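Please look through the sequence and the structure below before reading on.

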Amino acid sequence: MTGPVLVTGAASGIGRAVCQRLARDGRAVALLDRDAALLDETRRSLGDARTIAIPVDVSQAAAMEAAVAQAAEALGGLQGVVTSAGIFDPGDLRPLADVEVDAFEHVLAVNLRGTFLAVKYALPHLTAGGGAIVTVASTAGLRGHGFGAGYTASKGGVVALTRLLAMQYGEQGVRANCVCPGFTDTPLTGGVQHDPEFARRLTSGIPMRRIAQPDEIAGVACHLLGPDASYVNGQIIAVDGGATVV
């Protein structure tokens, strides 16, 4: 499949890397993100690729419905979706009994509800001619990390939602797979590589002894969108340097 792809969280990190790789592969890209300035910067970095940039909060249903419709109209349909939008919230990074309810719900609204909305409104376009969905969860959705009740719950929900999509829409020519990054060098992780001691402690549990770069996650996501993954459906793929093995 080589048709247009919609990417949420496109302004930075993994989403930006996905957009750049898709553009290099000659695919049209719809870039969605709430940060309009960074979104425009990312769009300009794609050069001559056919793109549309749409500032939008992925947790808002009406806005997402309009954004997906706008993207499909501008690009002549959709054949792929990558749901990369995601957040942490400082109020969520506590023992569960101390987690702020608003923080918990905020994280779920972006990470899980945002994934649901992007896929929900894209599905009519995908089923029209076949397509692929790649959700972006986290190794937090596969095993306990010891922090982030909302983050962990939301990413576990994304994993389960992806399996449901694979079952419900495989017969209609739509594949759904989930990428679960380990610790990755993105703005979301706060530039951990600049704190050598924390980075050393973090990577001690990773067999490859380093954190991932966004393009390494994007490479797997874009592979899952493409023809070489035409029989891959319902898979949950950890891209974590082997951290979930140990």
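A crossing is called left-handed if the near helix is turned anticlockwise from the far one by less than a right angle, and right-handed if clockwise. The model is a predicted one, in which local features need pLDDT of at least 70 and side-chain atom pairs count only at pLDDT 80 or more, while totals for chains, interfaces and linings use all residues. Residues are numbered from 1 along each chain as its sequence is written, and side-chain values use heavy atoms, with hydrogens and water left out. Helices (H or I, at least four residues) and strands (E, at least two) are DSSP runs, numbered from the N terminus.

Two packed helices are described by the angle between their axes and the distance between the axes. Axes are lines fitted to C-alpha atoms, for helices over the stretch in contact, and the angles run from 0 to 180 degrees between N-to-C directions. Angles under 35 degrees count as roughly parallel, over 145 as roughly antiparallel, 65 to 115 as roughly perpendicular, and the rest as oblique.

Helix H3, residues 61-75, and H4 have axes that come within 9 Å and cross at roughly 40°, which makes H3 oblique to H4. This crossing of H3 and H4 is right-handed. On the H3 side the contact (heavy atoms within 4.5 Å) is made by Ala61, Met64, Glu65, Val68 and Ala72, and on the H4 side by Arg113, Leu117, Ala118, Tyr121, Ala122 and His125. By class, these residues of H3 and H4 divide into eight nonpolar, one polar and two charged, where Ala, Val, Leu, Ile, Met, Phe, Trp, Tyr, Cys and Pro count as nonpolar, Asp, Glu, Lys and Arg as charged, and the others, Gly among them, as polar.

Helix H4, residues 101-129, also packs with helix H5, residues 149-169, at an angle of about 15° and with the axes 8 Å apart; the two helices are therefore roughly parallel to each other. H4 passes H5 in a right-handed crossing. Among the residues that meet here are Phe104, Leu108 and Phe116 in H4, and Tyr151, Val158 and Leu165 in H5. The contact of H4 with H5 has 14 nonpolar residues, six polar and one charged.

Helix H1, residues 13-24, packs with H7 at an angle of about 55°, their axes being 8 Å apart, and that makes H1 oblique to H7. The crossing of H1 and H7 is again one that is right-handed. The residues of H1 and H7 in contact comprise 10 nonpolar, two polar and three charged.

How accessible is Asp215? Asp215 is partly exposed, because its relative accessible area is 32%, and the cut-offs are under 20% for buried, over 50% for exposed and in between for partly exposed (1.4 Å probe, protein chains only). Leaving aside neighbours within four places in sequence, Asp215 is in contact with Ala17, Arg21 and Arg24. Asp215 and Gly15 are 200 residues apart in sequence, yet 9.4 Å apart in space, C-alpha to C-alpha.

Ser84 lies in the loop between strand S4 (80-83) and H4, and is buried because its relative accessible area is 15%. Beyond its neighbours within four places in sequence, Ser84 is in contact with Thr8, Gly9, Ile14, Gly15 and Val136.
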